[in-house]
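This report describes a structure in terms of its chain interface, its strand pairing and its backbone geometry. The sequence and the coordinates are shown first.

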Amino acid sequence: MIKKMKLIFFLFTVFYLFSTGISAQQQRFPKPEFESGYEQPSTITPEPRALALEYFDVLVLLVVLSLATWLALKKRSRQGILWLSVFTLIYFGFYRNGCICSIGAIQNVTLSFADPGYAISLTALLFFILPLAFTLFFGRTFCAGACPLGAIQDLVIFKPLSLPKWLNKTLGIIPYIYLSLAVLFAATGTDFIICRYDPFVGIFRMDAKFHMVVLGISFLLMGMFVARPYCRFFCPYGVLLSWMSRFSRWHLTITPARCIQCKLCTNSCPFDAIDFPTNEKEVVKSGLGPKKFLTYALLIPLWMIMGIFAGERSHTWLSKANQDVYLAELLISNPEMKNDPDNIDVQTFLASGKTMETLVQEAEVIRRKFYFGSMIAGGFIGLVVGMTLLNTVVFRKRQDFEPHKGNCVSCGRCMDYCPVEK
Amino acid sequence: MNTVDKLKLSQNVAVISGLFCSVVALLLLLNYWQFSKNDPIESKALEVLVQRLKEDPNNDGLKTEIRNYDLLARKAYFNSQWQVKTGAYLLLFGALVLALALRIYYSLKSRIEEPEKKLENEIASRVLAQKGIWIAGAVVFGLAIVASFATVDYLDKYNWESLVFEEQVSPVENGVEVIDVGVVSEEPEVADGVSATSEDVIEEVIVEDTQQEELTELEVAESAAQAEQPVSSSSASSAADLTVETIRNNHNSFRGPMGQGISYHKNIPVQWDGKSGENILWKAPIPKHGYNSPVIWGNKVFIAGADNQNREVYCFDSRDGKLLWTGKAGQIPGSPATPPKVTEDTGLSASTLTTDGQQVYAIFATGDVVAFDMNGNRVWAKNLGVPDNHYGHSSSLIIWDNKLLIQYDTNKAGKVIALNAATGDPVWETSRQAKISWASPVLVQSDGKFQLVLTADPIVAGYDVQTGKELWSVNCMMGEVGPSVGYTNGVVYAANEYATLAAIDLKTREILWENDMFLPEAASPLAHNGILFIATSYGVLVCYDAKTGEEYWEHDVGRTLYSSPVYADGKLFMMDNDGVVRIYEYGKEMKLIAENELGETTGTTPAFAEGRIFIRGEEHLFCIGK
């Protein structure tokens with residue numbers, strides 16, 4: 001029977017991966033050419049979502065957040081959280097097409113700081129702030145029930161494997177790198193990479209480029225065995241939520257009363273977010289004491305300097321992601337591209353009437369922004385690496401099995417494993 | 001239902017939904033395969049039909065066949081799209097059911113796990129984590145540094161590229177400087193002084209000719225001095241030579257050098273006959289129709305033609321009339337799929353080309369501007385936006401100071417544009433408080449600087465060639481302005497039918513005199529050596545005193561005059577729309593020297609070079625010479 005099921009998995013996976021290629025074939029069809037004097041109607045831009053409906057979305061988010069918090073902390077119902085995440089997936093995922101989302105709102109907030117001409121909408125701001133505010137008090141209940149990206153991954157967890165701690169720690173650096181790049185690109189007005197590379201938005205919209213659909217399905221397939229891979233190892237908003245959650249006053253607990261050390265919950269968390277009691281004897285024996293702490297603490301500035309240096313060196317490369325820089329360099333390196341009628345970017349630039357000098361000047365301004373931005377981003381990544389290293393030699397005295405406040409997504413699975421009653 | 005039943009049910013649902021998903025995915029793949037085989041965008045059959053239509057554009061049956069085929073292909077395309085969309089939804093539905101069934105199946109099969117007897121050694125994992133973080137940090141920063149070495153900073157190279165570019169164009173600027181500080185810039189000033197003291201027109205001619213000789217000598221000396229400098233260009237045909245003298249040696253724009261209607265070539269024939277072939281050195285058929293006049297550089301004559309399908313530039317060998325090359329002005333981004341509606345008497349190619357000896361430039365009624373090198377290679381092309389013009393755009397191009405100057409007065413807005421001649425990049429653009437016009441820009445030199453004089457309803461205005469700044473404007477014109485301005489001795493002559501003929505002092509902006517007795521519809525005024533000529537569309541050629549507006553003489557030829565009068569070799573050349581060129585002595589008294597028939601109707605303006613006249617007829621390009 002297991003073999004049969006595996007076969008079904010395999011067939012399904014192969015066919016789905018192939019069939020996604022079809023949706024990628026949706027090309028823009030050329031307009032017919034009329035000679036009868038018929039005038040092509042001009043392209044209509046869809047109206048933005050009505051403001052009232054945008055506020056309704058905020059209201060829904062608020063209600064979902066409140067419900068998730070109540071279900072995780074008060075009701076302690078895994079089933080409730082599960083069905084709430086199904087609702088979130090349907091509403092914020094398939095109905096709202098994955099937009100607006102709190103993860104992407106990072107970029108709106110960043111751009112509003114970096115570009116005085118950009119006015120962030122109240123909805124985007126609230127989508128950014130509300131989950132953080134809830135997390136600051138109640139832990140990551142947003143991830144549990146209010147995030148469509150989390151929900152779609154959570155629903156496909158079939159056989160989660162426990163990853164070793166060292167791998168979790170090492171891969172845990174990726175979201176910080178992603179966050180710093182997302183902020184850098186948003187601040188320089190280059191791109192909203194979180195949205196562009198959202199692996200699930202193609203599934204929500206039933207339409208995306210081939211590689212994005214493949215990426216989304218790959219994440220889901222991987223998510224069957226490595227629970228919530230995007231949330232744990234990529235989500236840049238998860239970084240902010242993790243920071244907030246560490247300070248949360250009322251966080252989800254495994255046991256409703258006193259831990260009886262039964263160890264039943266040790267394998268309950270598919271995200272490896274349960275901290276075990278500290279073995280003080282081993283800690284003392286390990287030599288990971290004050291000496292190491294001091295060494296790693298002193299290394300932090302060095303990591304930051306290295307990051308700043310790497311940022312400074314790579315700013316030219318990073319800035320090539322900017323459309324203006326890319327275009328300017330393209331036309332400088334390949335001036336004959338001006339005569340390429342198929343290059344839409346070049347032709348749009350030529351049609352705009354902008355001079356090459358202006359384009360280059362604008363590109364240089366952007367590159368200057370990247371110069372400083374990349375150094376800040378590099379310094380931040382250096383700080384994260386240094387702090388993560390330092391964190392490996394910091395031991396907190398722990399006697400019970402507790403959820404890791406930063407990494408726990410408050411899904412409530414562990415609660416079902418606890419035999420203790422109130 | 002007990003647990004075993006639930007297990008069986010979930011298992012069956014999983015199998016069925018899995019098969020369903022597989023079938024849908026298979027159908028989608030088949031759809032994709034079929035679609036890729038019959039992609040209407042890449043349809044070869046359609047391409048063949050379109051090609052056939054190009055060869056036989058009036059074949060209505062073929063057009064209908066193409067339309068039917070096109071419609072069928074589009075239907076197939078959108079049908080396939082619907083199938084993809086529907087299939088994707090079915091697949092999603094199947095996947096959801098499968099996921100749910102599998103989930104239930106696995107949760108029912110799950111057993112209570114025994115707690116781990118031995119937990120992961122945290123210390124060991126932390127030590128491992130440290131290694132991992134070290135490696136990860138080093139890899140990230142290492143990659144960033146490697147990327148920096150693998151990256152080329154092209155923006156930095158732009159300065160270098162610009163320097164090279166400047167080196168290439170600097171001779172042009174040097175050339176301008178020569179004019180500004182050296183000789184040519186002074187020439188009109190001297191001429192002004194002479195003309196102010198002289199009452200005899202013939203005397204003026206002599207004085208001006210003498211000054212021109214001096215000018216030539218000085219320029220030769222200057223050229224010799226330049227030749228000693230290593231920076232100086234050695235190429236006789238480089239853009240550095242685009243001086244007043246150089247363009248006077250050619251005929252590089254509508255109405256000759258600077259668009260003033262004055263040719264400096266000598267030994268121009270005065271006798272020919274198109275029917276008998278007398279003094280017709282050659283005549284060459286013109287592939288596509290147009291009302292633009294020939295421009296000449298060296299041994300090359302350029303004209304343009306267009307129809308609804310194609311827009312082309314032709315280069316003929318001036319010695320034997322051989323068509324050297326045809327430049328296509330197609331596939332220009334922004335160019336309309338179907339050309340704008342124009343009237344027959346204007347057409348799609350009414351604007352005369354211009355050349356600087358390096359490149360030749362053309363503009364069409366579609367708003368397409370294109371540059372070819374002298375060998376017919378397309379250098380750049382762009383669309384300025386389709387001009388809203390109810391007859392068709394007809395303003396000709398002119399070039400100076402490495403800028404292609406375009407008068408772009410349309411029903412939407414009036415503006416004058418300067419494009420970088422080398423690249424087509426905009427240099428400046430100036431909005432004009434003017435309505436649509438069909439006149440062409442004229443270059444004049446005042447106080448050592450060149451300005452562009454434009455006429456339209458309601459202003460006659462001058463623009464700095466360097467910056468595009470409007471230097472002056474006089475409100476005196478009205479109607480649908482077709483004639484360009486005439487210019488001599490610091491006075492601009494602007495005229496239009498149903499409006500006025502106005503003599504405007506360039507420095508004081510004063511209207512010196514006005515007359516509305518004879519007004520041109522299309523032919524531009526010619527002002528030279530104190531004499532002004534006006535040619536009306538109803539066939540009267542009128543000669544005035546340029547200073548006072550006093551009429552010297554008039555000649556009613558009784559034929560339509562759209563062609564502009566041109567001064568050449570001390571004579572006035574006036575062609576009517578039937579192709580008869582009347583040659584007059586250029587003076588205060590009317591003296592008709594000759595009447596020569598071309599044998600073809602035409603409304604263009606003749607071009608002069610090296611003792612020859614080049615005339616574009618309705619179907620042929622004629623070269624007249626001895």
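The sections below treat conventions, the interface, salt bridges, sheets and backbone features in turn.

**Conventions**

The model is predicted, and local features need pLDDT of at least 70, side-chain atom pairs count only at pLDDT 80 or more, and totals for chains, interfaces and linings use all residues. Residues are numbered from 1 along each chain as its sequence is written, chains are lettered from A and ligands numbered from 1 in the order in which they are written, and side-chain values use heavy atoms, with hydrogens and water left out.

**Interface between chain A and chain B**

On the side of chain A, 97 residues are in contact with 79 residues of chain B, contact meaning heavy atoms within 4.5 Å. The area buried between the two chains is about 7700 Å², and carbon and sulfur atoms give 70% of that area. Buried area here is the accessible area (1.4 Å probe) that two parts lose on being put together, summed over both.

Between chain A and chain B there are 12 residue pairs in polar contact, both residues being at pLDDT 80 or more. A polar contact is a pair of N or O atoms within 3.5 Å; within protein, one must be able to donate a hydrogen and the other to accept it, and residues adjacent in sequence count only if both atoms are side-chain atoms. Helix α19 (residues 356-391) of chain A gives the most to the side of chain A that touches chain B, with 13 residues. Helices (H or I, at least four residues) and strands (E, at least two) are DSSP runs, numbered from the N terminus. The residues on that side of chain A divide into 53 nonpolar, 22 polar and 22 charged; Ala, Val, Leu, Ile, Met, Phe, Trp, Tyr, Cys and Pro count as nonpolar, Asp, Glu, Lys and Arg as charged, and the others, Gly among them, as polar.

**Salt bridges**

Over all chains, a search of the whole structure finds 30 salt bridges, each defined by a side-chain nitrogen of Lys or Arg within 4 Å of a carboxyl oxygen of Asp or Glu. Between chain A and chain B the count is 2. One salt bridge joins the side chains of Lys338(A) and Asp425(B), at 3.1 Å from N to O.

Within chain B, Lys288(B) forms a salt bridge with Asp307(B), and the closest N and O atoms are 2.8 Å apart. This pair links distant parts of the chain, 19 residues apart: Lys288(B) is in the loop between β2 and β3 (295-297), and Asp307(B) is in the loop between β4 (300-306) and β5 (311-317) of chain B.

**Sheets and a hairpin in chain B**

One open sheet of 4 strands in chain B has the order β23-β24-β25-β26, with antiparallel pairing; two strands pair if DSSP finds at least two bridges between them. Strands β23 (526-528) and β26 (551-556) of chain B stand at the edges with a single partner strand each, so one side of each is left without a neighbour in the sheet.

Another open sheet of 4 strands in chain B has the order β2-β33-β32-β31, again with antiparallel pairing. Its edges are β2 (280-285) and β31 (607-609) of chain B, each with a single partner strand, so one side of each is left without a neighbour in the sheet.

Strands β9 (residues 368-373) and β10 (residues 378-383) of chain B also pair in the antiparallel sense. They form a hairpin with 4 residues between them, and Gly376(B) in the turn has a positive phi of about 90 degrees.

| Strand pair | Bridges | Bridge partners |
|---|---|---|
| β23(B) and β24(B) | 3 bridges | Leu526(B) and Phe533(B) |
| β31(B) and β32(B) | 3 bridges | Ala609(B) and Arg612(B) |
| β9(B) and β10(B) | 5 bridges | Ala371(B) and Trp380(B) |

**Backbone features**

A cis peptide bond joins Cys99(A) and Ile100(A), with omega about 15 degrees. Ile100(A) is found in the loop between α3 (78-95) and α4 (102-114) of chain A. In chain B, the peptide bond from Asp457(B) to Pro458(B) is cis, with omega near 10 degrees, and Pro458(B) is placed in the loop between β16 (449-455) and β17 (459-464).
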